[in-house]
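Student: Could we go through a structure together and check the labels against their cut-offs?

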Amino acid sequence: MSEFLQIEEGIVKMLKTVFDPEIPVNVYDLGLIYKIDVSDTKDVTIDMTLTAVGCPMGDFIAEDVKQKVQSVEGVNSVTVNIVFEPAWDQSMMTDEAKLELGYL
């Protein structure tokens, strides 16, 4: 397995430990992570959204994402961008998340 693939897998594993305090599902399975980019220098850029534009926990969640991804072995630096395009909706959740929240 390539080093970059290992880093990406580690990032996804860490993202699955980040939760919106109001929803019992992690940000990855909720579909809030739009892009994970690992550069040649192992700098990570993550584009993510929130379930609502005015989410009062947005800064907390973004900081949690940054700190946890920074702890992945091999990661140099982390930038988290909060984006609202495309707008998040429930169809972006994994089946596991939909089941947990009673949508399946």
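**Helix α2 and its surroundings**

Tutor: The buried residues of α2 pack against α1 (3-15), β2 (43-48) and β3, with contact meaning heavy atoms within 4.5 Å. This is a predicted model, where local features need pLDDT of at least 70, side-chain atom pairs count only at pLDDT 80 or more, and totals for chains, interfaces and linings use all residues. Residues are numbered from 1 along each chain as its sequence is written, and side-chain values use heavy atoms, leaving out hydrogens and water.

Student: Which residues of α2 are buried?

Tutor: G58, I61, A62, D64, V65 and V69. Seen down the axis of α2, they fall within an arc of 160°, so they line one face of the helix; the arc is that of the directions from the helix axis to the C-beta atoms. The face turned away from that buried side carries the exposed residues D59 and Q67.

Student: Why is K42 called buried?

Tutor: Buried means under 20% relative accessible area, exposed over 50%, and partly exposed in between (1.4 Å probe, protein chains only). K42 has 19%, so K42 counts as buried. K42 lies in the loop between β1 (33-38) and β2, and its phi is near 65°, a positive value in a residue other than glycine.

Student: And what makes I82 partly exposed?

Tutor: Its relative accessibility is 33%, so I82 falls in the in-between class. I82 is found in strand β3 (residues 77-82); strands (E, at least two residues) and helices (H or I, at least four) are DSSP runs, numbered from the N terminus.
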